[in-house]
Amino acid sequence: MALVAGLGLVAILAILAPRATPDSAALVRGFAPAGIAASGPVLGASAAPVRLEVYEDFQCPVCRRWGEDVFPSLTRNEVTAGTVAMTYRGYAFIGPESVAAARAAWAADRQGRFWDMWATLYANQGLHENAGAFTTERLVAMADLVGLDHDRFVADLASTASADAVRTSSDAAVAAGITGTPTVIVNGAIVDGTGYAAVSAAIQAAAR
């Protein structure tokens, strides 16, 4: 179990920056919250009594807003308190750049930097879907910005293992009956609503 690298909760709000267009020269670095235990795509204490899963697509603008509006409150409150452990579940259904971004997150996870890449991908989400925001060139540049080992990331991004992992995750989402993103599940039950109030209430009910 490692601690997520980052500059603190305020720093993750880098994902509030204006979304980059595909022809933008500058990329935005996102940060995971500091001081919270993480193991791959799982954020929070392994002994937490409540399990939260959130199904996301990196091209989904509502997922990006969830990261801006709900994620910081969850990490500051329920995750930090040890009440809940949160797991990212990839559902790359919007198009080829959804798959590419999910493969980049998988490759970053291979270097123990999933949540930094998660934040950076959302920080650079395009204004339009499948319009060039998540090309291989830009994904590699994001990895460099995060500080990943360049050659290892490039190899992992292009690997059949990354493609298989993303396909398996998306197939699992379909099998679970997930029809859109973000979808939040608390202890196996889909939450009616994805706002912080609804999610927090579901967590508290599950923790009783």
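Residues are classed here by relative accessible area, with buried meaning under 20%, exposed over 50% and partly exposed in between (1.4 Å probe, protein chains only). The structure is a predicted model, in which local features need pLDDT of at least 70 and side-chain atom pairs count only at pLDDT 80 or more, whereas totals for chains, interfaces and linings use all residues. Residues are numbered from 1 along each chain as its sequence is written, and side-chain values use heavy atoms, with hydrogens and water left out.

Two residues other than glycine were found with positive phi. N187 has a phi near 45 degrees and lies in the loop between β6 and β7 (189-190); with 42% relative accessibility, N187 counts as partly exposed. Helices (H or I, at least four residues) and strands (E, at least two) are DSSP runs, numbered from the N terminus. For N130, phi is near 55 degrees, and the residue belongs to the loop between α5 and α6 (136-146). N130 is likewise partly exposed, at 31% relative accessibility.

I94 is placed in the loop between β5 and α4 and touches D57, Q59, C60, E129 and N130, residues up to four places away in sequence not being counted. The C-alpha atoms of I94 and F58 are 8.9 Å apart in space, although the two residues are separated by 36 residues in sequence.

Axes are lines fitted to C-alpha atoms, for helices over the stretch in contact, and angles run from 0 to 180 degrees between N-to-C directions. Helix α4 (residues 96-109) packs on helix α5 (residues 114-123) at an angle of about 155 degrees, with the axes 7 Å apart. The two helices are therefore roughly antiparallel, given that angles under 35 degrees count as roughly parallel, over 145 as roughly antiparallel, 65 to 115 as roughly perpendicular and the rest as oblique. On the α4 side the contact is made by A101, A104, A105, A108 and D109, and on the α5 side by F114, M117 and L121. By class, this contact of α4 with α5 has seven nonpolar, no polar and one charged residues; Ala, Val, Leu, Ile, Met, Phe, Trp, Tyr, Cys and Pro count as nonpolar, Asp, Glu, Lys and Arg as charged, and the others, Gly among them, as polar.

Between α5 and α6 the angle is about 130 degrees and the axes are 10 Å apart, so these helices are oblique to each other. Here D116, M117, T120 and L121 of α5 meet L139, M142, A143 and V146 of α6, a contact with six nonpolar, one polar and one charged residues.

Of its 48 residues, L52, F58, M86, W115, W118, L121 and F153 touch the most other members. A second, separate core of five residues includes Y91, A173, I178 and I185.

In helix α2 (residues 61-69), C63, R64, W66, G67 and E68 are buried. These buried residues pack against β4 (50-56), α3 (71-79), β5 (84-90), α5 and β6. Finally, a cis peptide bond with omega of about -5 degrees joins T181 and P182, and P182 lies in the loop between α8 (160-175) and β6 (183-186).

Note on methods: Contact = heavy atoms within 4.5 Å. Core = buried A, V, L, I, M, F, W, Y, C linked by side-chain atoms within 4.5 Å.
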